[in-house]
Amino acid sequence: MKKWIASVTMLLCCLLTLAGFWPKTTSAQGQTLNLYIWSEYIDPDILTAFEEETNSRVVVSLYESNEDMVAKLQGGGVSQYDIVVPTDYIVPNMLELGLLQPLNKDLIPNFSNLGEKFVGLPFDPEDTYTAAYQWGTTGIGYRRDRLPEDFERSWGLIFDPDQQYGPFMMIDEMRSMIGTAAIYLGFDMNTTVRSELQQVQQLLIDTKRRSAGLIGGVGGKNQLVSGTANVAMVYSGDALQAAEENPEIGYFVPKEGANIWLDTLAIPAKAPNPELANRFINFILDAEVGAQLSNYNRFATPNAAALPMIEPEDLENPAIYPDEELLAKLTYSSVLSGEEMRLIDALWTTVKSS
């Protein structure tokens, strides 16, 4: 009797589904997307919309540096998270460690929305493992109310003790911090010349001892807002968000030049829900969602289809979308060989322990 009732119930459910009275199931229903991302880097409303569209749940975990993220994946997170957001330069290292799996482009038709400047880049030339998420610059955030009007817009605010105006924060991000010191000394941002790296290392150690410390992610922004720091090395969008909280906060790219970076979406090699992860990437690359994302976090979008929906004042703001003159002063972190990365890692370890 119970078997007969169960059979009838199943038949009725099938008929109701075909008639449109019963919700259709998808492979994503009931699944959880485990998102491992930088702090304050996505609009919560976007996550809610994805959950509603896929009848899934998004669990967010946060990190403040690429190195922390890679260490967590190596420590078991590679089978815990479905999406990570690595910066361009760290991707080859992650591939060498076997931490990422290829994207399923069949599930990501919105990949075609990306602008031509943000595909086929050296760190992932065939766009096999990553999709562009947001881009920006690393420069100086400062308190207008605590610096003289005629201060020099230079990295000297960080590296020159004669240009120090109270407490300042360095950024706990290896390639940006090392590259910036190299730029200030007149070297190529991606130098691996040992004699030059020795000078970079000493400059960073001396600067760290004068500073209020190294801090990752949105830490510098928060220090500016609270007034704990007068100057901080920060990411462009974070500084602009800080200015919304306190109009006395400004941002600029120093005259010597700076780092331009691209953050990406990637799927860990042993992600629990890779299909849902690919669908999430496709959702983020939707034109309207891409615009919503950048209008929220004030970083530049690589999504060409989203540009018409970006707030006009942001499109015209060179701190978000640099003009050609400023772009000429910006440099991407290059892909380094294993031996070169070991040199950089050793330098950074020495700086942080000094």
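This is a predicted model: local features need pLDDT of at least 70, side-chain atom pairs count only at pLDDT 80 or more; totals for chains, interfaces and linings use all residues.

1. The pairing of β5 with strand β10, residues 258-265, is antiparallel and extends over seven bridges. To find this pairing in the model, one can look at glutamine 134, which stands opposite aspartate 263 of β10.

2. Strand β8, made up of residues 231-235, also runs antiparallel to β5, and five bridges join these two strands. Here glycine 141 is the residue to look for, as alanine 232 in β8 stands opposite to it.

3. With strand β9, residues 249-252, β5 forms four bridges, again in the antiparallel sense. Tyrosine 142 has glycine 250 of β9 as its bridge partner.

4. Turning to the helices, how do α2 and α11 lie relative to each other? Helix α2 (residues 44-54) packs against helix α11 (residues 287-297) at an angle of about 155°, and their axes are 9 Å apart. Angles over 145 degrees count as roughly antiparallel, and the two helices are therefore roughly antiparallel to each other.

5. The contact between these helices involves Pro44, Asp45 and Ile46 on the α2 side, which meet Val289, Gln292, Leu293 and Tyr296 on the α11 side. Sorted by class, the contact of α2 with α11 comprises five nonpolar residues, one polar and one charged.

Notes:
Residues are numbered from 1 along each chain as its sequence is written. Side-chain values use heavy atoms; hydrogens and water are left out. Two strands pair if DSSP finds at least two bridges between them. Axes are lines fitted to C-alpha atoms, for helices over the stretch in contact, and angles run from 0 to 180 degrees between N-to-C directions. Angles under 35 degrees count as roughly parallel, over 145 as roughly antiparallel, 65 to 115 as roughly perpendicular and the rest as oblique. Contact means heavy atoms within 4.5 Å. Ala, Val, Leu, Ile, Met, Phe, Trp, Tyr, Cys and Pro count as nonpolar, Asp, Glu, Lys and Arg as charged, and the others, Gly among them, as polar.
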